[in-house]
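User: Please take a close look at one part of this model. I want a single connected account, with the cut-offs spelled out.

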Amino acid sequence: MESNASVTLCPCGSGRNLDDCCGPIIAGAPATTPEALMRSRYCAFVLGKLDHVDRTHAPEIRDDFNRAEAERSAEECEWLGLEVKNATESGDEGTVEFVARFKRGGQTFVQHERAAFCRRDGHWLYLAGEINPTPPQRHVTRIGRNDPCACGSGKKYKKCCGA
């Protein structure tokens, strides 16, 4: 067995000890944020603790959980890391955008997901996920040649920044 530090370091990438990070959540303690729940769910896959994944699905999607496929993934995948790109929380709703990297069958895969969470009876639950989410569309307003320049100079655009 390798060094003790590699065994107890939390797989979620927080840099903290598993017992101080995702371990208590996997054991049944409520997650304090949607991000904490999402990180613990990733760890549950890495550690093969799929009861936690099953238990933290919202009731309306619990029947959609394919336990056999999840077990196969947990066994066949080499988990390479987790990156949380964005996490938001508003009242009893939250989202976490993340990238999970893993190897399966000798190929490296990336799962980019924006996951939705809800809090019920003091517990955060996974509600839905959007794979490969697209960023919001940017709308650019066109400035006409004879319009005032957006830089605030007072000149026409064509004689200022548009020159």
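Analyst: C161 is partly exposed, at 49% relative accessibility (buried is under 20%, exposed over 50%, partly exposed in between; 1.4 Å probe, protein chains only). The model is predicted, so local features need pLDDT of at least 70 and side-chain atom pairs 80 or more, while totals for chains, interfaces and linings use all residues. Numbering runs from 1 along each chain as its sequence is written, and side-chain values use heavy atoms, without hydrogens or water.

The closest cysteine sulfur to that of C161 belongs to C149, 3.5 Å away and too far for a bond. C12 is buried, at 0% relative accessible area. Its closest cysteine sulfur is in C10, at 3.6 Å, again too far for a bond. The structure holds zero disulfides (sulfur pairs within 2.5 Å).

Now the sheet. Four strands form an open sheet, ordered β1-β2-β3-β4, with antiparallel pairing (at least two DSSP bridges per pair; strands are E runs of at least two residues, helices H or I runs of at least four). β1 (77–90) and β4 (123–131) are at the edges; each has a single partner strand, so one side of each lacks a neighbour in the sheet. Strand-to-strand twist averages 25° (axes fitted to C-alpha atoms, N-to-C angles from 0 to 180 degrees).

β1 and β2 (residues 93–104) run antiparallel, joined by 12 bridges. T88 stands opposite T95 in β2.

Two helices pack on the sheet. Helix α3 (residues 34–47) touches β1, β2, β3 (107–120) and β4 (heavy atoms within 4.5 Å). Its direction makes about 170° with that of β1. Helix α5 (residues 67–76) touches β1 and β2, at about 120° to the direction of β1.
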